[in-house]
Amino acid sequence: MTDNPQNRFGTESNPSNTLVSRTTGTSLFGRRSAEDSDSQNVPARTTANATTARPSNSLFGSRTSTISNVAGKPLAPHHHKSGNAIASVMRKTTSGPQRAQFTPSDYPGITKLAIASQKAGYDSVAARNPDILPTTQDRLQVQSRTVSNEQYRRFAKYIEDQSGIVLGDNKHYLVNSRLSSLLLRFKVATIDELINRAMQPNVYKDISSAVIDAMTTNETLWFRDTYPYLALKNLILPELAKSAKMPVRIWSAACSSGQEPYSIAMIVQEQATAMNHVNPDQCQIIGTDISPEMLDRCRFAHYDNHALARGLSAERKARFFKPTKDPNVMRVDDKIKNMVNFKQMNLLGSYSLLGRFDIIFCRNVLIYFSNEVKSQILNKFADCLNPGGYLILGSSESIQGLSDKYEMIRCNPGIAYRLKS
Ligand SMILES: C[S@@+](CC[C@H](N)C(=O)[O-])C[C@H]1O[C@@H](n2cnc3c(N)ncnc32)[C@H](O)[C@@H]1O
């Protein structure tokens, strides 16, 4: 078990205060899947030219821009609206490949992604598009991308109090890299000042929420680690089917961009074909996360080729996904999508409104918390499991020394925890 949360942050090691890609973490697309595909979930490309006065309510104030498609044709006003803030700060180098375009387009649902991109700020757009450079004027608005020691200590305590995430003593670079992209978005000159504001949620609610969001790690993939899904298929669903339990309720706690709850839904659908007693209509799956941005992505349920390539067999891709106008993007079939509801929820809070569950997946999030918080969460899960209900943790997580409310079940491969009677 990886008890030291610092290990989880260890790979993100750019110590500079320059633009940093948050995708340089534990995997190519690991840091924040929203950033992986924002620029790819789009069928028609646009380019940005500094020619037209931008609306005064624009995110970046005084810059100017026009958005046009590749043929140079200006987009319709409603299209322009959702993308101009980012496009306006995109300055392509002359030699770079045409991969940095941000496209509002007429793609269904794209507005949400456009908003997510805007929320991420131009830094992260630029960071994942090396052929885009921020303008001098944009840079001038930011005075310091480096957190001071004193502010780091206050911030680490604040983040732990708010989200449970333990930063450790020495992750200044992580704070710098994750928060840099918010400076321009909120027009704040220094990271220390951004943190000051974030710590006053009553006054600066948006900043506070975005800062916590930025400090979460959203790495995920389809059918992650395989064995939890084998346990679901071979042990837990047959057991529930035998007892004719209806409805079956499954909670994916800390679901990131949705791969986990949708993978669960696919297993249920597959088993419905194989086993008469598993009825997808009688299966409720709830995905929760602290991050509103991730929940937007869950609900949108469109995934680009990079995300689709991680853990998904060709057979499942063909069966459970539908093509979109963009050949690089597929959407989750409605049959699967409609099985899952999403809700924002902080694991530090109360779970009482969620009801009781037969299975809880809480994977790869407890590692970021202190033992005290882990123990509290495990005991709260026990209170909302039905008798004999199952808890499935991440492959490096265990309940040892943290809760005595579960018995360990060896699933070969892997383990699950069953609520003690
Ligand atoms: C590494 S992802 C795990 C995703 C998925 N469970 C998996 O194993 O692939 C961790 C998720 O936990 C969420 N998270 C972090 N702190 C949280 C909290 N206090 N309450 C709810 N979710 C939290 C993050 O936003 C992130 O999406």
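Let's start in the loop between α9 and α10, because that is where Phe223 lies. Phe223 is not a glycine, and still its phi is positive, at about 50°. Keep in mind that we are looking at a predicted model, so please take every value I quote today as computed.

Helix α9 covers residues 205-215, and helix α8 covers residues 191-198. Their axes come within 8 Å and cross at roughly 110°. An angle from 65 to 115 degrees counts as roughly perpendicular, and therefore α8 and α9 get that description. As for the handedness, α8 passes α9 in a left-handed crossing.

How many residues surround the ligand? There are 24 of them, and the closest are Thr216, Thr220, Ala254, Ser256 and Ile290. If you sort that shell by class, you get 8 nonpolar, 11 polar and 5 charged residues.

Strand β9, residues 357-362, runs parallel to β10, with 5 bridges joining the two. Strand β10 covers residues 385-393 and is joined to β12, residues 415-419, by 2 bridges, and here the strands run antiparallel. Leu391 stands opposite Tyr417 in β12. Then comes β11, residues 406-410, which pairs with β12 in the antiparallel sense over 5 bridges. Arg410 has Ile415 in β12 as its bridge partner.

The hairpin of β11 and β12 deserves a moment of its own. There are 4 residues between the strands, and Asn412 takes a positive phi near 45°. The peptide bond that joins Asn412 and Pro413 is cis, with omega about 10°. Pro413 has its place in the loop between β11 and β12.

There is also a cis peptide bond between Met246 and Pro247, with an omega of about -15°. Pro247 lies in the loop that runs between α10, residues 227-242, and β3, residues 248-253.

One more sheet, and then I'm done. Three strands form an open sheet in the order β5-β7-β6, with antiparallel pairing. The edge strands are β5, at 302-304, and β6, at 321-323, and each pairs on one side only. Ignoring direction, neighbouring strands in this sheet are turned by 40° against each other on average. Strand β7, residues 329-332, pairs with β6 in the antiparallel sense over 3 bridges. Which residue of β7 does Lys322 stand opposite? That would be Arg331.

That's my tour, so over to you for questions.

Definitions and conventions
Residues are numbered from 1 along each chain as its sequence is written. This is a predicted model: local features need pLDDT of at least 70, side-chain atom pairs count only at pLDDT 80 or more; totals for chains, interfaces and linings use all residues. Two strands pair if DSSP finds at least two bridges between them. Axes are lines fitted to C-alpha atoms, for helices over the stretch in contact, and angles run from 0 to 180 degrees between N-to-C directions. A residue is near a molecule or strand if its C-beta atom, placed from the backbone, lies within 6 Å of it. Ala, Val, Leu, Ile, Met, Phe, Trp, Tyr, Cys and Pro count as nonpolar, Asp, Glu, Lys and Arg as charged, and the others, Gly among them, as polar. Angles under 35 degrees count as roughly parallel, over 145 as roughly antiparallel, 65 to 115 as roughly perpendicular and the rest as oblique. A crossing is left-handed if the near helix is turned anticlockwise from the far one by less than a right angle, and right-handed if clockwise.
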